[in-house]
Amino acid sequence: MSHSDADREFMARALALAERGLYTATPNPRVGCVIVKDGAIVGAGWHEAAGRPHAEVNALAEAGAAAQGATLYVTLEPCSHQGRTPPCADAVIRAGIARVVAAMQDPNPIVSGSGFGRLHGKGVEVAQGLMQEEARELNIGYVSRMAHGRPWMRMKIAATLDGRTALANGQSQWITGEASRRDGHHFRARACALLTGVGTAKDDDPQLNVRYVETPRQPLKVLVDSKLEVSPGAKLFADGKVLVAAARENRAKAEALRARGAEVLVLPNPHGKVDLAELLRELGRRGVNEVHVEAGARLNGSLLREGCVDELLVYLAPSLIGDTGRGMFSLPEFTDLGQKIALSIREVSRVGEDIRVIARL
């Protein structure tokens, strides 16, 4: 079905509204909605947070009686099930909406297609697929969790132009500039969980939280620590929720971490390390849509080898360290170029004096 320029304009407005829930909607998708009558917007809304009214309900409330016979633009298929809130499809039908234009079908199996079906069955004209790629990108973690049972993993790396993340002695603060660090916190803020390894926890003692961006919530902190070597006095335990993934039981160490408010989860793989794929699945079961990784070369390499990484967020500084510096990934030696890991470059941009590269596996 072809769409008019007006359709695109109103859907772009709905997408802009959806983005307002970038830091707050999780574990729900980010959704925006506008209601249009006689070429003018009569209602608009977005989904702010789980348990709060959905985008369509907010837009319908603003439109009131003007919704009768109007067109509703929404970035995701209206839900058809009773969750924390009633089905949006029913609210759309009751309001007398004549036409629904949706960017994409909901990948949630309990909704997928049934919302559209309910609308169509009540005589509402339904069109889908307008600006679908933009809507999908906005909810890429939600789509991953619904389609694959695991969150979308974005790995952030700050490095010199020759690919070094730290000196041989571990010193890494600060390779990139302040603009890049602030930019990185926007990606932290949109994530549901921030993940690092015990090596980084010991070397850098990070707070592992969002500081440069105003946000009403802090992501879950996830520490991969096979032997529970982290100090209970580490800064990451100072505030917020922390999940420590271990590979073996150690009652005394686990109790010391629990006393600091952390949860300890034992997820061993056959090699005595943390089962990273199972950790991702567990995070998916907990409603985590996006995981933001800031770790060292060893954990980065392990996550890459085990197929856990979806996207790389790399900040390259205009400086050189040389071969003695620490690399981005600890990987086995490749003996043939056919073994190289192929990437798709999505974006290259300038952030302060640094270059930001976004690439996908």
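Colleague: What separates glutamate 282 and arginine 285 in helix α10?

Modeller: Glutamate 282 and arginine 285 are three residues apart in helix α10, so about one helical turn separates them. A word on the basis: this is a predicted model, in which local features need pLDDT of at least 70 and side-chain atom pairs count only at pLDDT 80 or more, while totals for chains, interfaces and linings use all residues. Residues are numbered from 1 along each chain as its sequence is written, and side-chain values use heavy atoms, with hydrogens and water left out.

Colleague: What makes the pair of glutamate 282 and arginine 285 a salt bridge?

Modeller: A salt bridge requires a side-chain nitrogen of Lys or Arg within 4 Å of a carboxyl oxygen of Asp or Glu. The closest N and O atoms of glutamate 282 and arginine 285 are 3.0 Å apart, so the pair meets the rule. By this rule the count comes to 27 salt bridges.

Colleague: Why is glutamate 282 called buried, and why is arginine 285 called exposed?

Modeller: Buried means under 20% relative accessible area, exposed means over 50%, and partly exposed lies in between (1.4 Å probe, protein chains only). Glutamate 282 has 16%, and is therefore buried. Arginine 285 has 54%, and is therefore exposed.

Colleague: How do you know that α10 is mostly covered?

Modeller: Seven of its ten residues are buried; among them are Leu276, Glu278 and Leu283.

Colleague: What does the salt bridge between glutamate 263 and arginine 286 tie together?

Modeller: The closest N and O atoms of glutamate 263 and arginine 286 are 2.8 Å apart. Glutamate 263 lies in strand β10 (residues 263–266) and arginine 286 in the loop between α10 and β11 (290–293), so the pair links parts that are 23 residues apart in sequence. Glutamate 263 is partly exposed at 34%, as is arginine 286 at 36%.

Colleague: How do you know that the buried residues of α2 line one face of the helix?

Modeller: In helix α2 (residues 55–63), Ala55, Glu56, Ala59, Leu60 and Ala63 are buried. Seen down the axis, they fall within an arc of 125 degrees, so they line one face; the arc is that of the directions from the helix axis to the C-beta atoms. The face turned away from the buried side carries the exposed residues Ala61 and Glu62.

Colleague: Why is histidine 3 called buried, and what does histidine 3 touch?

Modeller: Histidine 3, in the segment before α1 (5–18), has a relative accessible area of 18%, and is therefore buried. Not counting residues up to four places away in sequence, histidine 3 touches Arg8, Val101, Ala127, Gln128 and Leu130, where contact means heavy atoms within 4.5 Å.

Key. Helices (H or I, at least four residues) and strands (E, at least two) are DSSP runs, numbered from the N terminus.
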